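Work through these exercises with the model open beside you. Try each task before you read its solution.

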Amino acid sequence: MGLPVPSVTWSKLNPLGSVFGKIWISFWVTLLLIVLAVAFVSLQVAQVYQIGAPNASHIRLLNRVKLPNIDRLASQRQEIIDELERFNSQSNYQWYLVDDTYHLLGTPRPPRRILVMLSEMMEMEGVKVGQWRQETWMGPITMSVNGEVYRMFIRGVPPLPPPNLPLWLDSQWLRIIFGLVVSGLMSMLLAWSFTRPLERLRRVSRQLASGSLDARVGDSVTHRADELGELGRDFDDMAERLQQLVSAQQRLLSNVSHELRSPLTRLQVALGIVRQKAPTELESALNRIERESDRLESLIAQVLKLSRFENDMQQLDPSELQLDDLLHQVAEDARFESRQRQVNIIEDIDKPMTFFGDGQLLHSAIDNVVRNALRFSPDGSELRISLTSDKHQAIIEVADQGPGAPDDKLEQLFDPFYRLDQSNPGAGLGLNIARHAIQAHKGDIRAFNRIEGGLCVRIVLPRSRQR
């Protein structure tokens with residue numbers, strides 16, 4: 001049975017499923033809406049026009065177009081307006097006159113923003129071409145009507161050539177895409193600056209939860225001057241206090257266990273002296289004291305080993321060993337202990353396998369797992385110890401036919417001092433010590449209920465540690 005492989009779900013790919021994605025999309029959409037609003041207001045309010053020099057097409061047009069016949073008119077303004085109205089209604093191009101007081105003569109009346117553009121063109125030297133939206137004008141051309149000087153403009157000439165933009169900006173769609181990319185990158189940068197400290201806090205909190213009490217968020221977060229920096233500093237203070245409390249508890253556990261061993265040793269010596277001199281009727285009571293002292297000795301030994309693991313005092317002594325022989329030794333010890341209960345110990349070893357690791361620690365870990373399985377195995381049942389391997393890992397499974405465990409309690413089986421059945425003897429340290437020993441070899445240990453009944457403990461050891 002292989003380990004389950006997590007499937008990729010849409011919730012993991014959905015950008016709105018994370019704080020980073022939510023901030024990024026929110027900033028991006030907000031920025032786009034602001035840009036669209038500014039562009040709309042600019043088109044409605046701003047006086048955007050372009051003035052340039054006439055090109056060859058404008059010169060040719062100026063040479064061939066028909067001019068309105070206003071030289072013959074009197075100086076009355078109304079006659080000039082009437083003639084321009086008649087001419088403009090029949091010509092493809094409209095002509096307009098501007099007097100010295102900047103009054104525009106001619107119909108149809110252009111938009112008011114054109115007057116601003118025409119006034120600027122009049123301030124320039126020579127004939128110019130002005131363009132505003134779809135309106136293109138050319139002028140001014142100075143002329144005299146009956147002694148009065150006017151500046152003439154022609155409306156409806158060919159538009160100015162597009163500005164000399166780079167090729168990648170010459171297309172409207174490319175400009176839109178460029179705006180989307182730039183705004184998206186800026187929004188991503190802003191969202192990243194907010195979520196990076198949160199991601200760092202998440203990783204460190206997971207390290208703390210897994211037992212790495214020296215994990216800290218570091219200067220990348222705590223040096224910030226905002227609320228996220230304050231959160232990082234508070235988090236590091238909390239982690240420091242937690243590490244101190246746990247270290248104090250571990251030192252207390254180690255010291256108490258060590259101090260208990262001395263009077264226990266003296267008790268065992270005194271027990272031997274009393275047994276030599278005591279009458280026969282005290283033999284049963286002395287046997288009871290001996291069993292309890294042996295149990296206390298075993299408990300203290302386990303507590304000391306657990307304390308060494310939790311204080312990182314347990315050093316590996318790796319060497320080349322035969323993992324199949326080690327399992328065989330554990331199975332033989334289990335057969336000796338289970339003779340009276342007639343539990344059948346079955347070895348299912350794929351092939352001999354050489355492994356590089358600490359033989360004493362591995363023997364202790366596997367023996368604890370087998371003893372735990374033997375303790376819950378019914379009389380006359382089977383207990384199977386199997387070993388399979390490939391070039392990457394070795395898998396050891398210990399499967400019993402006992403009652404199993406509730407699914408929500410499987411992880412707690414490896415917690416120290418946890419006992420699923422309080423009436424069963426034992427301190428609840430064996431599986432926890434086994435987990436520490438396996439993790440020291442960069443391996444993994446899990447428990448799961450078998451379909452056919454019983455509990456199976458699987459140990460996975462990577463063979464990368466092999467020489």
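**Exercise 1.** Find the strand that holds Ser389. Then decide whether Ser389 is buried or exposed.

Solution. 
- Step 1. Ser389 is found in strand 10, which covers residues 382–389. Keep in mind that this is a predicted model.
- Step 2. The relative accessibility of Ser389 is 15%.
- Step 3. Buried means under 20% relative accessible area. Ser389 therefore counts as buried, at 15%.
- Step 4. Now look at the surroundings. Leaving aside residues up to four places away in sequence, Ser389 touches Asp350, Lys351, Met353, Ala394 and Arg463.

**Exercise 2.** Work out the strand order of the open sheet with five strands. Which strands stand at its edges?

Solution. 
- Step 1. The five strands of this open sheet follow the order 8-10-11-13-12. Their pairing is mixed.
- Step 2. Strand 8 (344–349) and strand 12 (444–449) stand at the edges. Each has a single partner strand, so one side of each is left without a neighbour in the sheet.
- Step 3. From one strand to the next, the twist averages 15°.
- Step 4. Take one pair in detail. Strand 12 and strand 13 are joined by six bridges, in the antiparallel sense. Ala447 stands opposite Val457 in strand 13.
- Step 5. Helix 10 lies across strand 8, strand 10, strand 11 and strand 13. Helix 10 runs at about 175° to strand 8.
- Step 6. Helix 12 (residues 430–440) lies across strand 12 and strand 13. The angle of helix 12 to strand 12 is about 135°.

**Exercise 3.** Trace the pairing of strand 6 with strand 2 and with strand 5. How many residues lie between the strands in the hairpin of strand 5 and strand 6?

Solution. 
- Step 1. Strand 2 (residues 94–98) and strand 6 (residues 148–155) run antiparallel, joined by five bridges. Trp95 stands opposite Ile154 in strand 6.
- Step 2. Strand 5 (residues 135–145) also pairs with strand 6 in the antiparallel sense, over seven bridges. Val145 has Glu148 as its bridge partner in strand 6.
- Step 3. The hairpin of strand 5 and strand 6 has two residues between the strands. In this hairpin, Asn146 takes a positive phi near 50°.

**Exercise 4.** Describe the salt bridges of this structure. Which residues does each pair below join, and is each residue buried or partly exposed?

Solution. 
- Step 1. Start with the count. The whole structure has 13 salt bridges.
- Step 2. Arg203 and Glu199 form a salt bridge of 3.8 Å, N to O. Both lie in helix 6, four residues apart, about one turn of the helix.
- Step 3. Arg203 counts as partly exposed because its relative accessibility is 39%. Glu199 is partly exposed too, with a relative accessible area of 31%.
- Step 4. Widen the view. Glu199, Arg202 and Arg203 are linked in a network of salt bridges.
- Step 5. Glu337 and Arg371 meet through their side chains at 2.7 Å, N to O, in a salt bridge. This pair links distant parts of the chain: Glu337 in helix 10 (residues 323–337) and Arg371 in helix 11 (residues 359–376), 34 residues apart.
- Step 6. Glu337 is partly exposed, with a relative accessible area of 38%. Arg371 is partly exposed, at 37%.
- Step 7. Arg458 forms a salt bridge with Glu397, and their closest N and O atoms are 2.7 Å apart. Arg458 lies in strand 13 (residues 455–462) and Glu397 in strand 11 (residues 393–399), so the pair ties together parts that are 61 residues apart in sequence.
- Step 8. Arg458 counts as buried, at 4% relative accessibility. Glu397 is buried, with a relative accessible area of 19%.

**Exercise 5.** Locate the nonpolar patch on the surface. Which helix gives the largest share of the patch?

Solution. 
- Step 1. The patch is formed by Leu31, Val35, Phe178, Val182, Met186, Leu189 and Trp192. Together they have about 640 Å² of accessible area.
- Step 2. Helix 2 (19–45) and helix 6 (172–209) each supply at least two residues of the patch.
- Step 3. The largest share, five residues, comes from helix 6.
- Step 4. Check one member. Val35 lies in helix 2. Val35 counts as partly exposed because its relative accessibility is 46%.

Key
Residues numbered from 1 in each chain as written. Predicted model: local features only at pLDDT ≥ 70, side-chain atom pairs only at ≥ 80, totals over all residues. Heavy atoms only, no water. Pairing = 2+ DSSP bridges. Buried < 20%, exposed > 50% of the residue type's maximum accessible area, 1.4 Å probe, protein only. Contact = heavy atoms within 4.5 Å. Patch = residues over 30% accessible without salt bridge, like charges linked within 9 Å, V, L, I, M, F, W, Y side chains within 5 Å. Areas by Shrake-Rupley, 256 points an atom, 1.4 Å probe, with all protein chains shown as cover. Salt bridge = Lys/Arg side-chain N within 4 Å of Asp/Glu carboxyl O. Axes fitted to C-alpha atoms, helices over the stretch in contact; angles between N-to-C directions.
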